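Visitor: I'm new here, and I'd like to know where the labels come from. Could you walk me through a few of them?

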Amino acid sequence: MSISRRDILKTLTLTAVTGSVLRVIPLEAAEYAHRMVRAARAAAENQTYAPKFFSAHAYKTLQALCQAIIPSDEQAKGAIEAGAPEFIDLITSENKDYQVALGGGILWLDNTCIDRYSKPYLDCTAAQQKEILDRIAFRKNAKQDPSLGQGIEFFSLLRKLTADGYFTSEIGIEYLGYIGNTFVKDFPGCPPVPGL
Amino acid sequence: MQVRRTPKTYDVCIIGSGAAGGTAAKVLTEGGLSVALLEAGPPVVPETDYKEHVWPYDLPHRGAGVGGRARQGLEDEFLAPNGAWEIEGEPYVSAPGSRFRWFRSRIVGGRTNHWGRIALRMAPVDFKVRSHDGMGDDWPLSYEDVAPYYDKVESYIGVFGTKENIPTAPDGIFLPPPKPRCTETIIKKACDQLHILCVPSRLAILTQPHNGRAACHYCAQCGRGCITASNFSSSQVMIPPAQKTGRLTMVTGAMARELVVNKDGKVEAVSYIDKATREEKRIHARAFIVAASTCESARLLLNSRSTLFPDGLANSSGVVGRNLMDTVGSDGGGYFPALEKMPAHNHDGVGGMHMYLPWWKFDRKNEFLRGYHTEFGGGRNMPGVGEYDDLCDEFENYGAALKQECKRKYGTFIGFSGRGEMIPNEDCYCEIDPSAVDQWGIPVLRFHWKWGDNEIKMAKDMQQTYREIVEAAGGIYVTPTTPEGQNPYGIADGGMIIHEVGAVRMGQHATTSALNQYCQAHDVRNLFVTDGACFVTNADKNPTLTIMALTWRASEYLLDQAKKGNL
């Protein structure tokens, strides 16, 4: 980025605060600065992500699982497009507990698929993938089949982290319909809603 | 090691730059005194340090922090800088059987960079609790003594609210309140049915331009710090006018270690560690204001032992470290199906609640003494990390069904936080740990904590009340708590509400208190402690406004003493 947010703010601050001892800057200046930051980030984004923790195979599996947890549909794109796998890989690379739980969990899934279908998860048919995920997506299944316990724990953590990655993304936030994080001159209060 | 001495002797040296230290710096420098202000952390630069208007996806960790630490309940990345439950190299200890958490902030402005901006006056009865119900102690001053200083503080910093004439929640000098959000409209209706008070909240956030600061722009992010200084922080509102006088010397990165007394028993210097060089340095002054935050202030006094003061400075009464209080906190919340139908709209508002529930059962006999107020919030906030943990655990499943369920439930939760008065007890105190030091070589604190029966009963009442309100508002209460376990009725561990006060309390008598009503030490006339440590009790009013009012009052007293040549 050629001109930093700090530079902009410094310039605008100097011109704006004459007459006030308090360090305040006009709203327009701040908003402009934030737009610049976002534009710079967007420009840096169109690059392929190199996983920090997961092996190439494990990362592909992670991507497939994230997308299975929050798929793309006509309303909004899915977890991969929202950057959930990158987010999960980054925090996993910094957290030993996650390394065991997720790194080990993906291996557990592959081993289980090999036992059941003679193929690792990614090579399984869509029906087989659905079958195993349907087993590990619900805690109650461990009661009938205790061998699923580890897979259920793994999937439970991955589901939360995928939701984190998805709903903190631009795609996910738009899908939820959050409106805000912006400058509002007068807060309008609750809009008229029937029954309220 | 060579101990460096700064040649200059200041009129006053203030230790700590938060609510208390900043207020003292403003009043004293504007009153003509030269002031050295010590701060253990660095300066704050709002334009670069505050993450206002940043989206989660603007940060690689999405707000979860390195290794996802925000998921473990530690502070997220958006929070204004240097506020932390744990500081590397600066440990504290909980005694066996006690659980105490200590939120500290090493930065100019201290915790006023992070706080909830809730600015409630203590009521007349709050200053005279012992006379009222026989528990705890009366303050050595009355509401009438403090009221003019509440006026001064509110007029200067800007607080919104409404006049309500509630005897236990005195009105102040208020800016107009913001309009209620949908969630607040729903709860207000239910509270009206139940005859529970629900009124506009009172926050130190500007709803119109005030004293050279811009009005709030309603992004709901006060906790990140405000680049337009539309909310109150000491760093942006108290320190700048003090700097403008030319009489303020800021010393940052300065970890106070000991107050040094001369042979006459007056403090002559503060010894501090310059964090940049790890050297021991001193600042000399005629008077000292300790405003390091309640427990840090107690720690500094207890670590200032000398032949004259073998049990620590200003501690002939033995009360320093004792009388430690926090606020009784218990949370509950509900899911409101009606909110599913709410059209998408900007729900942000100010960085905090627009309405709150002051204590409403003051006119009757309850199962417990004293009272609590209730803060509440929820609805269509900016989504964040951990948002869907509970839903994921309950709904389970995956795919389109999970995705749609998350959207359906978005913004349908309203949470309540009870904030009640704790009665001080013998089991809650801090002391110097006999063995541990921090990385600066300064002995650390050890905390002892045990909630009393009154507090547990209060938490129980909070839970019952929140269930009633949620159900009256057509919601489903989703916070099961039990009377058993480590946290009966969801009562938070000591320190968790970050309202610790009382460890260097004021009082009438030098045998049972450390300070007089002007926050001046009974034992050491040129020493003042004006932060939350001076509190006698901890009313259900968030302490910051009172800290500032008491500091303003103590500072005017100190100015008067200086004019009379008594420094």
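Guide: Happy to; we'll take some labels one by one, and keep in mind that this is a predicted model.

Visitor: What makes α3(A) roughly perpendicular to α8(A)?

Guide: Helix α3 (residues 56-69) and helix α8 (residues 149-167) of chain A have axes that cross at roughly 75 degrees. The label covers angles from 65 to 115 degrees, so α3(A) counts as roughly perpendicular to α8(A). Their axes also come within 10 Å.

Visitor: Which residues of α3(A) and α8(A) meet?

Guide: On the α3(A) side you'll find Leu65(A), Cys66(A) and Ile69(A), and they meet Leu158(A), Arg159(A) and Thr162(A) of α8(A). By class, that contact has four nonpolar residues, one polar and one charged.

Visitor: Over to chain B. Why do β4 and β15 of chain B stand at the edges of their sheet?

Guide: The sheet is an open one of three strands, in the order β4-β16-β15, with mixed pairing. β4 (93-94) and β15 (429-437) each have a single partner strand, so one side of each has no neighbour in the sheet.

Visitor: How do you know that β15(B) and β16(B) count as paired?

Guide: Pairing takes at least two bridges. Five bridges join β15(B) to β16 (residues 443-448) of chain B, and the two run antiparallel. Ile432(B), for one, stands opposite Leu445(B) in β16(B).

Visitor: Why is Ala215(B) called partly exposed?

Guide: Count the other C-beta atoms within 10 Å of its own: Ala215(B) has 18. Buried would take 20 or more and exposed 12 or fewer, so Ala215(B) lands in between and is partly exposed. Ala215(B) sits in the loop between β6 (199-200) and α6 (234-244) of chain B. Leaving out residues up to four places away in sequence, Ala215(B) touches Leu206(B), Thr207(B), Gln208(B), Pro209(B) and Ser230(B).

Visitor: How do you know that domain 1 and domain 2 of chain B are in contact?

Guide: A contact here needs C-beta atoms within 7 Å. 25 residues of domain 1 of chain B are in contact with 33 residues of domain 2 of chain B. On the domain 1 side, α2 (46-49) and α4 (143-157) of chain B are the elements giving two or more residues, and α4(B) gives the largest share, six residues. That side has nine nonpolar, six polar and 10 charged residues.

Visitor: And how far apart are the C-alpha centres of these two domains of chain B?

Guide: The C-alpha centres of domain 1 and domain 2 of chain B lie 32 Å apart.

How values were computed
Residues are numbered from 1 along each chain as its sequence is written. Chains are lettered from A and ligands numbered from 1 in the order in which they are written. This is a predicted model: local features need pLDDT of at least 70, side-chain atom pairs count only at pLDDT 80 or more; totals for chains, interfaces and linings use all residues. Axes are lines fitted to C-alpha atoms, for helices over the stretch in contact, and angles run from 0 to 180 degrees between N-to-C directions. Helices (H or I, at least four residues) and strands (E, at least two) are DSSP runs, numbered from the N terminus. Angles under 35 degrees count as roughly parallel, over 145 as roughly antiparallel, 65 to 115 as roughly perpendicular and the rest as oblique. Two residues are in contact if their C-beta atoms, placed from the backbone, lie within 7 Å. Ala, Val, Leu, Ile, Met, Phe, Trp, Tyr, Cys and Pro count as nonpolar, Asp, Glu, Lys and Arg as charged, and the others, Gly among them, as polar. Domain bounds come from an automatic or database domain assignment.
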